[in-house]
Amino acid sequence: MGKFYITTPIYYPSAKLHIGHAYCTTLADVIARYHREKGDETYFLTGTDEHGEKIQKNAEAAGKTPQEFVDEIVTGIQKLWKTLRISNDDYIRTTEKRHMDVVQKVFTRMLNQGDIYLGEYEGWYCTPCESFWTDTQVQGDDHLCPDCGRPCHKAKEEAYFFKMSKYADKLMDFYKAHPNFITPESRKNEMIKNFLEPGLEDLCVSRTSFTWGIQVKENPRHVVYVWLDALLNYISALGYLSNNDELFKKIWSDDTYILHLVGNDITRFHVIYWPIFLMALGLRLPDKVFVHGLLMMKDGKMSKSKGNVVDPYPLIERYGLDTVRYYLVRETIFGSDGTFTPEQFVERYNIDLANDFGNLLNRTSGMIFKYFDGVIPAYQGALTALDKELESVGKASINSFKTNMDTLHVTEAVASIFDYIARANKYVEESKPWALAKDESKKDELASVMNHLANALRQCAIMLKIVLLDSTEKLFAQLGIEKEYQGYDSLDRFDVLGGEHLVKGDPLFPRLKSDEEIEFIKSLMVKH
RNA sequence: CGCAGGGUAGAGCAGUUGGCAGCUCAUCGGGCCCAUAACCCGAAGGUCGGAGGUUCAAGUCCUUCCCCUGCAACCA
C-alpha cells in the first residue's frame, strides 16, 4: 500500500478526438483502477492543453473566440471520457484560473532566479503565414515555407529563454541515477543522442506572434510558451502555489510513485524540459515517464485528412463499452505501436470475449443448473490431479497478472488472465462433467469440477474488472458472488465458494457475424 | 555518411545471455456434446529483407546493401 499518481498527457483540443486518444486514456484508467483495487491511495489526472497559435487560428477560421472554440471541444472530450467511464479524479484545463495563476507565478520565479532571461529569437519567418520555422523545417535552398511554399526570410524577435544548458549535466546525472526513468529504454537513447549529447539549447519560452496564451506579467506583449504552460498542469491541478496546497503536499511527495503516460510525439517535453523545470523549482522529479505507442491505422498515423479516423462512439454503441476497452488494452503491446483494423477488432471480440470468456461462464452456469439445481457446490480441496493442475495454473496466472501490472506490461497482464480462461475451458474437456454426471459414485468429483470452474471465473473476473466494467459485474451477479469475494483480498483463494445461488442471464458477449460487422466498421472509416 | 526503431508461416506478432524456428487467427483432418455454429486434440505451412563474414553451431554476433516507420529542438 502506497501512494500512486498517474497522469495522461493533456490533449490539445484543436480538433475532435479519435480512438487513438481514447487508447492512452483508457490504459491510464486501467492502471489507475488496478492501483485502487490494490489499496494504493491513487490520484488520476487528465485534462486539456488549451492555448497556442493553432487554436487561435482554428477558432478564427470557425468564427469563434478561442475560449468558445475550446469550450465546445472540451465538452466533447469530457463526454467521451464519461462514456468510456474513465475514473479520473480531476480534469485540468490550462485556461482555468487555478492553472494560469501558477504559470505566472512560476514564470516570475524563474525570471527572478535567473533561469529565464530576455533574448532574441532568430529563425526563418514567413510573412503571409506569420510563422517562424527552423532550419530543418524550411525546404530547399530558397528556404520555402513548409506550410504555403513561399520563401521565408531570416527574422528576429524579442523572446524569453530558459537556460536549459545550466541543467543539462544534472539531467544526465539524474538519468544515470534513475535508469528506469524513461520506458522503453530506446526512447531514452533517442533523447540523449538527439538532444543532450549535441548540447541542449536554451528553450524559447515566450511568444509575441499570437495572443492566445498566458500573459507574461512582467512584459504583457509576451505570452508564455505552450509547453512551459502545459507541463505545469501536473502540479497546478494539485494546488501547487495556491492557498490550499494540501493535496499537492500529499501527492507530490517523496513517498508517492509518480507516473506520466505520454505518446512518443511528446517524449522530449516530458523527459527533458519537464524534469528541468522541476529542478528549477526545487521539486522532486517523477518516478517514470512511460512512452506508449500510438494506435495506427493500416495506412499510417491516424489523421483526418487521410480519412482513416475511427470515432469511438459508434463502436461503443454497437459493441459495448467493455469491448472497446478490451480491444484497446489487448490489441497493442503497451509501449510499441499498434494497428487498428476492423478484422482484428471483430476477431478479438469473437475469440477472446465470446468464445473463451463468455462461453466459459455460459457452459459453467448451464452445468451447475443442470447438475446442482443452480447452487455452487462447496470446495472440497483439490480432489483430482486435474483440479490440482487448474489451481496451479490459476496461481501462476494471478502472479503473472500482478507482476505484469506492476511493471506496466498491461497487455501481458491481460493475456495471462486469458491463459487461465483457456486452461479452464480445457479442464472442462478433460474432466468430462457430462460423464461424471452419469455415475452416482462420481458426484463429489463433479461437484469439485463445478466449484473449481465457478471459482476460476470469479478470479478471472476480479482481475478483469479493471478493464471489463459491466460484464464482470454481470458475471458476479450471475454466479451470485458476494461483494466480499469480488476483491483482491480473496483473489488467490480457491475455497471461498459454496452455496451461492446462480441467476440465469444472457450470454455476456453474443457472438458476432464477422463479415457483417467488419463491413459496418469499415463504413465508419469512410471519409465524409 | 544526422538519430532511433523495424523487415520471422496467408495475416498479426514472440523470440533474453548464439544451441532442433514459436504464439494467436485463418486453412485442413479428428474428437466431444456442458456451452454462444462454441469447446478440445492433431496436421500442413517459413531458404527468419538481400549478400558476405566469425563460429562446431547465427533469427540471434560482425560488415555491407535494400525497404518501411518515427524523431530532427520554437506545431502540439
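**Loops, helices and cores**

Author: Let us begin with Arg-85, which sits in the loop between helix 3 (66-83) and strand 3 (90-93); please keep in mind that this is a predicted model.

Reader: What is phi of Arg-85 near?

Author: Phi of Arg-85 is near 55°, which is a positive value in a residue other than glycine.

Reader: Which loop holds Asp-373, and what is its phi near?

Author: Asp-373 is found in the loop between helix 13 and helix 14 (385-406), and its phi is near 55°, again a positive value in a residue other than glycine. Asp-373 counts as exposed because its relative accessible area is 68%, and exposed means over 50%.

Reader: Staying with helix 13, how does it pack with helix 17?

Author: Helix 13 (residues 342-372) and helix 17 (residues 443-464) pack at an angle of about 145°, with their axes 10 Å apart, and helix 13 passes helix 17 in a left-handed crossing. The contact is made by residues including Phe-357, Leu-360 and Tyr-371 of helix 13 and Lys-443, Met-450 and Leu-457 of helix 17.

Reader: How do the residues of that contact divide?

Author: They divide into 14 nonpolar, 1 polar and 1 charged.

Reader: Which residues have the most contacts inside the largest nonpolar core?

Author: Those are Trp-81 and Phe-357, in a core of 105 residues, and helix 17 gives the most to this core, with 13 residues. Apart from it lies another core, of 61 residues, among them Ala-168, Trp-227, Ala-230 and Ile-276.

Reader: What is Trp-81 in contact with, leaving aside its neighbours within four places in sequence?

Author: With those neighbours left aside, the contacts of Trp-81 include Tyr-11, Leu-17, His-21, Ile-86 and Tyr-91.

Reader: Changing topic, what span should helix 4 have?

Author: Helix 4 (residues 97-112) has 16 residues, so at 1.5 Å a residue it should span 22 Å, and its end C-alpha atoms are 22 Å apart, which agrees; the expected span takes one less than the number of residues.

Reader: Which residues of helix 4 are buried, and what is it followed by?

Author: The buried residues of helix 4 are His-99, Val-102, Val-103, Gln-104, Val-106, Phe-107 and Met-110. Helix 4 is followed by Gly-114, whose phi is positive, near 85°.

Conventions. Residues are numbered from 1 along each chain as its sequence is written. Chains are lettered from A and ligands numbered from 1 in the order in which they are written. This is a predicted model: local features need pLDDT of at least 70, side-chain atom pairs count only at pLDDT 80 or more; totals for chains, interfaces and linings use all residues. Side-chain values use heavy atoms; hydrogens and water are left out. Axes are lines fitted to C-alpha atoms, for helices over the stretch in contact, and angles run from 0 to 180 degrees between N-to-C directions. Helices (H or I, at least four residues) and strands (E, at least two) are DSSP runs, numbered from the N terminus. A crossing is left-handed if the near helix is turned anticlockwise from the far one by less than a right angle, and right-handed if clockwise. Contact means heavy atoms within 4.5 Å. Ala, Val, Leu, Ile, Met, Phe, Trp, Tyr, Cys and Pro count as nonpolar, Asp, Glu, Lys and Arg as charged, and the others, Gly among them, as polar. Buried means under 20% relative accessible area, exposed over 50%, partly exposed in between (1.4 Å probe, protein chains only). A nonpolar core is a set of buried Ala, Val, Leu, Ile, Met, Phe, Trp, Tyr and Cys residues joined through side-chain atoms within 4.5 Å.
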